[in-house]
Amino acid sequence: RNLQLLNDMVREKELAFQNTSDTLSACRLQSKMLAKQLDHVDMEIEREEEAGNVAAVSRLQAMSSRLCAELEREKELELRLALTLKQNLLELWQIETEQGKYDILREQLQKDEEELQMQYQEEREVRIWKEKITALQAEGTRRTREKREEKAEREREERNKKLLEDAKRNHEKAVCFLKQSMARIHEKYAKEEVKAQEHMERRIQAVLSLKTSITSNREKLQTLQILSKAKALEAKKEEMKMREAILAKGGNVIREIFLHKRQQEHEKKEEAFRELQKSRKMEIVSRILQEKASIHKQRKSQSPSKAIKARDCSFVLLNMQVIEFCLKIAQVTTKHETLYLQTLCSFIKVMALFISLPQDVLWESGDEDTERDKTLLVPEFPGLWSREYDLHKVPKAEDPTLLAIRAMRKQMAEKKMKELQTGIFHKQTGPGQERKGCAFHSKPSCIHFKDFDVGQVYKKKIILTNASYSVNYCRLVGISEWLKNFISVHFDPPGKMSSGMSCEFLVTFKPMINKGLEGEVMFMAQTGSFSVPLKCTVKTCILALDKELIDFGSLVVGETISRTISLTNSGALGTRFQ
């Protein structure tokens with residue numbers, strides 16, 4: 001490095017010495033030219049003075065003074081350049097003297113460089129030899145690959161040829177099968193056509209028979225009309241006879257006839273009610289028998305203990321005795337059907353307590369029966385068969401059983417409302433167990449408004465299901481304070497809900513800011529308060545790669561293998577990546 005620096009300095013000084021000498025020679029040449037111009041101007045001045053031309057003399061004198069000044073400047077510059085040239089020559093000699101001290105090192109450096117070049121040449125030859133070997137190997141792999149490709153091409157051609165032959169055979173088979181299937185289809189169409197003709201003939205016969213039946217029914221209808229007219233005449237005759245008998249006795253004709261008609265209508269209604277009552281009896285007995293069969297199956301599958309078996313037997317005997325008792329009451333008291341219904345409904349409720357039936361359903365069915373049979377608790381015209389009443393002044397007295405039922409329902413409703421207001425809640429009890437946790441389940445479990453846009457309106461319908469073991473109530477309490485500007489809830493209280501029943505409410509979201517929100521919609525139930533979580537999330541970008549490790553496997557030198565990686569944005573917001 002030092003030798004190279006000295007060589008560079010020598011070259012720089014030589015260049016500076018050469019530039020200075022060139023400048024000095026140019027300066028000397030300029031001085032000679034200025035001296036010649038000055039001599040020429042002096043000669044012109046003498047000639048003009050002799051001629052007496054004062055203006056030309058003054059002009060030539062100014063030019064002479066200017067040339068003298070330039071000549072002095074050039075001489076000064078020549079002196080400076082001469083000094084600089086001497087200084088450069090001195091520095092050049094000093095550097096060459098310093099450079100002569102390192103002649104031995106320069107020779108050694110030249111030898112080292114020659115050895116290094118020889119080493120580079122040897123390495124170059126070795127690398128060329130290796131590259132030739134690699135090229136030969138690549139040529140061998142290429143030839144083997146070409147052989148494999150030729151073999152694969154031959155196999156592919158043979159396979160395609162075989163596929164073509166198979167396709168031809170399959171086509172022949174398909175044509176054969178198609179012919180057979182077309183023959184079957186034609187045969188099927190022929191059968192269907194025969195059937196259609198037979199069906200048409202049957203329809204024609206049916207139309208003809210319908211025509212004959214219509215004519216016969218018309219004749220029957222005429223006979224029925226004649227019979228009905230005859231009955232109406234007989235009824236009028238009986239009514240006239242009754243009028244005459246009542247007039248003969250001196251009674252009120254209109255009143256007696258009206259009471260007679262009412263009694264006939266009541267007898268008809270009573271007969272219809274007896275038929276309905278029989279069907280209800282059969283339905284209740286079939287339900288009881290089904291419950292007995294289900295209990296019997298449970299006993300066989302669960303293999304209960306002897307004590308439980310004994311208790312179930314006693315319950316079955318008790319049920320049979322109560323059924324017989326109810327049937328006897330129904331046979332003896334035909335006019336007091338309400339007592340029978342109430343007794344049977346209370347018996348079914350007692351049975352539900354013992355055999356683990358869903359009590360809510362039974363209570364509801366009992367309530368429906370009582371509502372349906374309210375009109376049967378009091379006769380339509382009380383007292384018409386025992387004593388005489390004024391038809392225009394019928395008393396509005398109600399049955400005491402109705403009053404007791406209404407008072408009991410009102411008391412239970414007031415008790416439930418008082419418990420809801422004071423915060424005293426019922427336990428979620430079922431047959432032989434107590435349920436813990438929330439009484440209502442929401443579907444979905446979380447109200448999630450995902451990837452919303454500001455200014456849009458979003459709505460979601462949520463289903464609440466009564467998951468407790470008893471009848472329950474539900475009312476909306478409110479939503480979180482920080483959500484009131486963005487969320488509105490529309491909820492119509494459904495009233496009494498049995499176990500497993502559902503109701504709906506609508507949640508409306510109007511975003512005003514692009515920011516995530518979290519809160520809850522709060523409800524109050526008979527068994528305690530509960531809430532449905534609510535979440536609003538803005539659009540985000542979710543980037544994910546399909547590979548965690550890029551494995552290229554084992555490679556051959558000179559081979560190139562590529563792998564593809566997929567970057568997926570599963571979010572709703574676009575993004576750039578690098």
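How many salt bridges does a search of the whole structure find? The search finds 19. Keep in mind that this is a predicted model. My points follow.

1. **Helix H1.** Helix H1 covers residues 2-51. At 1.5 Å a residue, its 50 residues should span 74 Å, and the end C-alpha atoms are 73 Å apart, so the two values agree. Just after H1 comes Gly 52, with a positive phi of about 80°.

2. Asp 8 and Arg 11 form a salt bridge, with their closest N and O atoms 2.2 Å apart. Both residues lie in H1, three residues apart, or about one turn of the helix. An α-helix has 3.6 residues a turn, so residues three or four places apart point the same way. Asp 8 is partly exposed, at 26% relative accessibility. Arg 11 is also partly exposed, at 47%.

3. **Gln 30 and Leu 71.** Gln 30 belongs to helix H1. Its relative accessibility is 32%, so Gln 30 counts as partly exposed. Gln 30 and Leu 71 are 41 residues apart along the chain, yet 8.4 Å separates their C-alpha atoms.

4. **Helix H3.** Helix H3 runs over residues 103-249, which makes 147 residues. A straight helix would reach 219 Å at 1.5 Å a residue, but the end C-alpha atoms of H3 are only 175 Å apart. Arg 106, Ser 181 and Ile 246 are buried in H3. Just after H3, Gly 250 takes a positive phi of about 90°.

5. Arg 156 pairs with Glu 153 in a salt bridge, the closest N and O atoms being 2.3 Å apart. These two residues of H3 are three residues apart, about one turn of the helix. Arg 156 is partly exposed at 35%, and Glu 153 is partly exposed at 36%. Arg 243 and Glu 239 meet in another salt bridge, at 3.4 Å from N to O. They are four residues apart in H3, so about one helical turn separates them. Both are partly exposed: Arg 243 has 32% relative accessibility, and Glu 239 has 27%.

6. **A salt-bridge network.** Which residues are linked in a network of salt bridges? They are Glu 139, Arg 142, Arg 143 and Glu 146.

7. E7 joins strand E8 (residues 502-509) through four bridges. His 490 stands opposite Leu 506 in E8.

8. **The mixed sheet.** Another open sheet of four strands has the order E4-E10-E9-E6, with mixed pairing. Strand E4 (447-450) and strand E6 (474-479) each have a single partner strand, so one side of each lacks a neighbour in the sheet. The twist here averages 20° from one strand to the next. E6 pairs with strand E9 (residues 517-525) over five bridges, in the antiparallel sense. Arg 475 faces Met 524 in E9.

9. **A nonpolar patch.** A nonpolar surface patch of about 750 Å² includes Leu 543, Leu 545, Ile 550 and Phe 577. Phe 577 sits in the segment after strand E12 (567-569). Is Phe 577 buried or exposed? Its relative accessible area is 61%, so Phe 577 is exposed, the cut-off for exposed being over 50%.

Conventions: Residues numbered from 1 in each chain as written. Predicted model: local features only at pLDDT ≥ 70, side-chain atom pairs only at ≥ 80, totals over all residues. Heavy atoms only, no water. Expected span 1.5 Å × (residues − 1). Pairing = 2+ DSSP bridges. Patch = residues over 30% accessible without salt bridge, like charges linked within 9 Å, V, L, I, M, F, W, Y side chains within 5 Å. Areas by Shrake-Rupley, 256 points an atom, 1.4 Å probe, with all protein chains shown as cover. Salt bridge = Lys/Arg side-chain N within 4 Å of Asp/Glu carboxyl O. Buried < 20%, exposed > 50% of the residue type's maximum accessible area, 1.4 Å probe, protein only. Axes fitted to C-alpha atoms, helices over the stretch in contact; angles between N-to-C directions.
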